[in-house]
Every structure is written in structure tokens, then in C-alpha cells.
Amino acid sequence: MHLLRRALHTTSSVNPAEIAHFTRLSSQWWDEAGEFSFLHKMNPVRMRFIREKLLEVARDEQPALNQPASTSALKGLDVLDVGCGGGLLSESLARLGAKTLGVDASEANISIARIHAAQDPKLAQSLSYLHTPAETLLSEPKRYDVVCSMEVLEHVDNPPTFLDTCAKLVKPGGHLFLSTISRTALAYFLTIFMAEDVLRKVSRGTHTHAKFIRPEELTAFFRAYPNAESPWVDAGRGSPTRTQAEIRGMVWNPLGARWMLAPRDAWGAAECNYLFWVRKPIVPT
Amino acid sequence: MPLPSSTVYRRAAGHFRRSFRRSISTSPPEEYDVVIVGGGPAGLALASALGSSQLVRESLRVALVEASDLSKVLDWTPAAGTFSNRASSLTNKSQTFLKDIGAWNYVDEERTCPIQDMQVWDGVSDARIDFSASLLGLGSPGQGMARMTENLNLQRVQILDKLKVQTIERPEGSGDWPLVHLDNGGILRSRLLVGADGFNSPVRSFAKISSYGWAYDTQAIVATMFHSPRGAFMGPNTTAFQRFLPTGPIAFLPLSPIASSLVWSTKPPLATALIASGPVVLGSMINAAFRLPDVSMRYLNGIVLDAHASGNPVTASQIQAEIAWRERSHGIDETSAYTSIIDVGKQGIPPADAELLPPLVTSLQPGTVASFPLRFNHTDSYLGEGQGSRTVLVGDAAHTVHPLAGQGLNLGLADVECLSRCIQNALLQGGDVGWWITLTTVKIQLRRFAGSRTALVPYGQERYFENHKIMSVMDKLHKLYSTSFEPVVWARSVGLEVVNELDSVKAALMMQASGKRLEDASPWDIGANVVESLAAATDTARVVGTGVSGMLGAVLQGALKAVGNASSQSKH
């Protein structure tokens, strides 16, 4: 828990070295065979998790809403994609009808994302990009139904600040989706030793093991956030309740060469890559 | 009167300017999500499948481009009792798919015929296997697909028929989206370009997808055959017959009580000579090809070839006299089912072995005799890459198969089913249905398990290997049965006969399909799996091994036919 226990003292979570690293790689965002092929393959799984979780919440609140068309979950929602990179997730969100804003601290990423989105006439209405760190959005009044930040947390300098920023950008009753890598020996072996050193699928230096965050650390953060009296997730031990937060492992299946979304509470599934969802309480209690 | 040269020049320049202006000031391209090139069965089925999905209708703009006039297909009103020579056996899987997409409603089931029994035998040894467990819907695809167009009209797929694709390009600035230029000047910009445009696919050339294959030294003769109805003591005309001759298989596929479809694969010169000799000679030769021993068939083939080469095609009376003589010399008596001189099926109690043979062909439907060369062809990938990205191939554009049992259509429909499923899945995840397909599939092939690169790759992955298995099985079957080399004949025959005696083995082979009900199973999968595992076995006892795969080949041949159509079943 050492990472998240740090005080929320710095104002920006952006790490200049990380930004430089991704700027160097930016031309490869849409090369499906290149550096980011694992992310391309992960994207459908991330989208499925987002869509299904939103549907689940909608059904919980309105049982009458029996069988909403399965693509309608995101329609019309204000969605923010923090650390959008080349726009892999942003484009998918926009295609499902979300009014999507993608932000990234790297200017090169944003221009690549803009160029790519311009090819697709369907995205013109619903997708926009902004070159900015997430923190500057706090000064504006706009808040979002859904804030996503996928595979970003392990690259930021000060995770608590970053989480705080993301959380503040969520409307009451809105959703925060994160995905990152757990700080385990397995994660070191797979994401650094295998992916970067042995198979060279990912550039060296993309990941730093010490910056990985365990799912229970994230849960613990939201059990004390924004304060210990009225946290987003009820205090306690073990898994949070389904209506407040959820952790789902993503497991790479080398045989099918694709990612699989592990079932809820699958043992050991969140030892490496995982998705995290938490909901902001509707009324701050 | 010659025009002054300056006028000519000015006119030419004006013409040049006009045409130049036209070419640069064409209307902006129309945006589509899916452009299907080709209105054959695969293309129409894809359009229909996409149109039948609410999800696709709400989110994708689909167009189908076809050079011919589809309304002719739509207005296809065949005279009762006549049949197109292009019939296909639809597996149950294909039929279920057509039902799911609503296309089967437009199939005139009166014009389809279930196969309830299947007789397959070896032309050299007469080893035989029969399957009666089942049925198989047999219809004319022209018809099924023809009706499908009505369906399409209901489903708001943009049909652009009577329009040719002139060029396909990917200019700078259009991203990686292909532009399809039509011959009326229209331009379609497409997220995903589907090549359903047949063997000489322009889409495939655009995407620079190479293919490999070989022409078999074989020509297939097709025709619609008329015969007398099965007699009172015999079953209905619902049995398919296939005899493997060393020159190629000859198949008899029932269409109605008095009409059946012929697919006779044979050597090209013989096919030419047979067709040139006229329908009566061809009819007699068909009857003989199902009945006479191979040695006599070789002799008769020689006569037909020599007569054709000499410029005097063999006459009907000549060939019938030859056949009668060969029958006598083989001791076939004239009350046997093996005689083609007297139609024994017509009168009284049929001979005991009548059910082993197809009815005698009395005539061929005029205009249905045709032939085409057989090819084995498979593209290196189904998905374009690089300059050809956002391109995907289905049906014959991707693979051409030995038509041992009309499998080409079923493979194409399975492609379409898989592709439309992939498109729908991608839509659910907000995927770009064209982008996800843009994959370096050559590499996928090489690194079958390790390196596929995309979410829609399921299409490339799933279909490529399925199709390849089936195509390989067909190819091996063809080669196995093209020989009269003794040990191979013996082995394949023993294998065939042993399996024929072992009902439990037959049933097991048919039921094995991954725990599905028999009628859901794709027997090709079973057969392909079996043959594949055999291929993985060692080279020891090669002759026996060949025999076993031959037997399995025949078994799966039968198993294919074994798949039935529940609705037809209930009717009969």
C-alpha cells in the first residue's frame, strides 16, 4: 500500500519521462501489428466490461428496463477518456454513442488520434480530443457520467493525485473505470520480463514494476475516499459489494491470441492485468 | 470532307478538357460501412444476414454492388418440372443459417428434395457404403438465393445492381479506406470492402491477396436428368448415389421423383467428347458409368474419345450396342438392375439389387448439359493488409473447392455466417468493423496460435482453417479415388466395407460432432478432424493408412449427406 499512502500534495501526476516515451511511440498507435497490438486486442474486453457494467447498474436501478438494446448503454452519456493515447478506447466509446472527450498529456498522441478519427465520418459528431493533463479539467465546471483511464495508472507519478482528479471529474452517481497492472511477481514476469525483454512485443522501459498497483490498494483507496466517514466503498475487508466497486482480471490467452475477461472473483485472475470499476455515490452522505 | 486541323485540335482539346474536368470534379464519395462486391449466393447471403440484424441496421450502412440485373434473379420463375443444372446440397448448418437470416422463407421447398439415403461405392472394387440415418435438404441454390433478393428488398440494404466496379483504389487522404469507382461515375468509400466476387475476384486483386492452388486434370459435367419414377416396391427418389471411378466421381442427386442432378467429374478430353456426342449418348454413358465394371468403362471411354477425335462422334445406337455387348460379356442378365438396356425399375417387382443403383436416365433436360474445370484454390489469407487493408474475402473469392458434393456453397455460407457474427460482435464493442479486419493474416497463418492480431480476426482464423480442412479432405478424396493401383484399391475398399458393417462406428462418426445433436453437426468437421488426426499419424503402414483415410473419406462423404433438414423430415 506504500504508493497510495502518499499524501495528495503534488498538483500534477504527469511524468515527463513517460510522456516523452509515449510521444516517441505515437506513430505506432494504429499499427495493429506494432507496439500496441496487445492494447488493440484488449480493447474489446475493456469495452465489454464498461458496457456490461453500465447495463448492470441500469438494470439494478430500473428493473422495468428489462432488455435494453445492448449498445444503448453508453448512448448520450458524457464520457471522458483520460490518457487516451491514439484514441483506441475513445473511438469505440464514441461509436457506441457516447459524447466522448479524449485527453492526453502528449501532443503527438492527440494529433495522431485526431488524424485517425477524421477518417471515420461517424466520429465527427461525438468525439473530440484535447491536449491537456486531466488536472486542468478540474477548473472547468463540466463533470462526466463516465470517466475512463485505461492502462494509465501505472504510468503516472502520483497515483493518489491522479485518482483524486479522476474521481472529482465524475458526476454524482457516475462511474470511474480504470485498468492497470498489479504489483506481483507474475506481473513482473509477464509484462516486463516476457513482453519487454524476451518477446520484445513492448518497448523496454514501458513499464516499471514498482509503479504497478494492486487491486486491493485501489479498493482501500476508495474505502477512505474522499474521507473515511463517507467513502465511495464501504469499509471492510475482502471484495467490495457489486454495486460499489468491482475488480475483474484480464487474462491473456496465448492460444487464442486474445484477452479474456475473467469472471468476478475468479481466483488469481487479477494477479496481472485487471479492470477496476467504482461508482461515485449519488448523494454524498 | 476533312475538317480543318485546327478544329480537330480544338475539338480534341475540348473533349480532353471535358473528360478531364469530369474526372476531377466527380461528386464526393458516398460513405458506406460495408460494401459487398458480388451478388452471388455468398454476397446476397451476407447482405441478408447483415440486414436481418437489428444492430447492424441501426448502425451500419450496407451496399451490395452487382454487375448483372438482380431483378432477373428475383423474377426467376422456372417451369414446373424443370431444374437448373446448378444444384447444391445444403448442409443442415447452412439451412439453419438461411432460416436464421430469414432467407429460407423465400425458398420454394417444393423445389427442394431431401436425401434420405446415400450410396457410395468404389468404381474399381465395388466396395460400398450406405448411409440411411438421415436426410439432406437439396435444392437449387439459384432458386434459394433468387428468393433471397426479395428478402433483401425488405431489409433496406442498398442494392446497386447493373453496376460494374471499375476500379478500386486507396488514394492519399482517404485514410486507409478503399474507394470503389462504379461505371456510372459513382464512388463508394467503404469502411469494409467485402469481396464476394467469385473466383476471379477483382477485390482480391485490389487487396493483392495471392492465392495458390492447382487445376485438377478434371472437368465436371453437370446436367439435369429425367428418369422414370421409382416403382411401387421401391422407396421414393431420395437416395443420392456416388460412384468413384478412377477418372473421377459420378454423382446422382435427387431433385424430384422424376428428375435428378448429375455431377460427373472426369478427364477434360472425355468430358468434351461426351458432351459433343449429344444428350442421348451422354445419357447412355451416365447409365453405364453407374453400372458397368471399370474395365468396360475404360473401353467405352476409348470409343467415345476415338470417335470424337476422328470427327465422327459416336452415335446413340453405336454406343448402346457397345454397352449391350459389354453387359453380355460381363454376364449381366437383362432382369438385373445392372442392365441399362431395359428399364427394370419400371415394371413389376424390381430386382433385388435395384436399390443399389440410381434409376435409369431416360433423357436430359435440354440446355442443362454444361461443364466446368475443377480447381483447388485457396487464398493466402481472407483479410487484406497494407495497401489492401479493410478488405475481406468470402466464398469462391477466397476458396474454390472440388465440388464433390456441392460443398462450395456451404463453405461460402459458413464464411458469411462467421463474418456477419464477427461484424456484430465488433459493433457491440464499438469496434471499427473495417479496421479490426485489417490484419496481416499471412502471419496469422504461420503463427496459427501465437500471433493473430485483431479482434475480428475470428473471421480469418475460424474460417481459414475450417475451410482448409474441408478443402484438403476433398482434395485427398479426389486423389485417393483417382487411382486403380491395387493395394490402394484393396485398402480403401476393405476400409469402406468394414465401416459399412459397423453401424456403431458409422453412428459414432456421425454423432461425434462435439456433443451436438446429429442434425446440428457439421459432418465435415467430423470428417475433417478424423482425416486430420490420421494425417498426423505416422507413415508406417502407409497403404493401410491410405485405405483408412479413404474409408473415412467415404464415411464423411456419407456423413455430409447424413445431415438432415427437420422440416423436410416432418413432411415425408
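**Chat: contacts, helices and cores**

Q: In chain B, what share of contacts between residues at least 6 apart in sequence join residues at least 24 apart?
A: The share is 75%. Two residues are in contact if their C-beta atoms, placed from the backbone, lie within 7 Å.

Q: What kind of model is this?
A: This is a predicted model: local features need pLDDT of at least 70, side-chain atom pairs count only at pLDDT 80 or more, and totals for chains, interfaces and linings use all residues. Residues are numbered from 1 along each chain as its sequence is written, while chains are lettered from A and ligands numbered from 1 in the order in which they are written.

Q: How many helices and strands are in chain B?
A: Chain B has 19 helices and 19 strands. Both are DSSP runs numbered from the N terminus: helices are H or I with at least four residues, strands are E with at least two.

Q: And how many of its residues count as buried?
A: Of the 572 residues of chain B, 53% do. Buried means 20 or more other C-beta atoms within 10 Å of the residue's own; exposed means 12 or fewer, and partly exposed is in between, with C-beta atoms placed from the backbone.

Q: Over to chain A. Which residues of helix α1 are buried?
A: Glu18(A), Phe22(A) and Leu25(A) are, in a helix that runs over residues 16-25. They sit on the same side of α1(A), because they cover an arc of only 55 degrees around the axis. That arc is taken from the directions from the helix axis to the C-beta atoms.

Q: What's on the face turned away from the buried side?
A: The exposed residues Pro16(A), Ala17(A) and Ala20(A). On the buried side of α1(A), the cover includes α4 (107-118) of chain A.

Q: Why is helix α3 of chain A described as largely enclosed?
A: Eight of its eight residues, 88-95, are buried, so the rest of the structure largely encloses α3(A).

Q: What do the buried residues of α3(A) pack against?
A: They pack against α2 (37-61), β1 (78-82), β2 (99-104), α4, β3 (127-131) and β4 (144-150) of chain A. Just after α3(A), Gly97(A) has a positive phi of about 95 degrees.

Q: At what angle do α2(A) and α3(A) pack?
A: About 35 degrees, with axes 10 Å apart. Axes are lines fitted to C-alpha atoms, for helices over the stretch in contact, and angles run from 0 to 180 degrees between N-to-C directions. On the α2(A) side, the contact includes Asn43(A) and Arg46(A); on the α3(A) side, Leu89(A) is one of the residues.

Q: Where does UniProt place the "binding site" feature?
A: The unreviewed UniProt entry puts it at Arg46(A), Gly83(A), Asp104(A) and Met150(A). Positions follow the numbering used here, feature names are shortened, and annotations may be inferred rather than shown by experiment.

Q: Is Asp104(A) buried or exposed?
A: Buried, because it has 30 C-beta neighbours inside 10 Å. Asp104(A) is in strand β2 of chain A.

Q: And where does Met150(A) lie?
A: In strand β4 of chain A. Leaving out residues up to four places away in sequence, Met150(A) touches Arg46(A), Leu89(A) and Ser179(A).

Q: Last one: which residues touch the most other members of the largest nonpolar core?
A: Val147(A) and Cys148(A), in a core of 67 residues. Another core lies apart from it, with 53 residues, including Val35(B) and Leu64(B). A nonpolar core is a set of buried Ala, Val, Leu, Ile, Met, Phe, Trp, Tyr and Cys residues joined through C-beta atoms within 7 Å.
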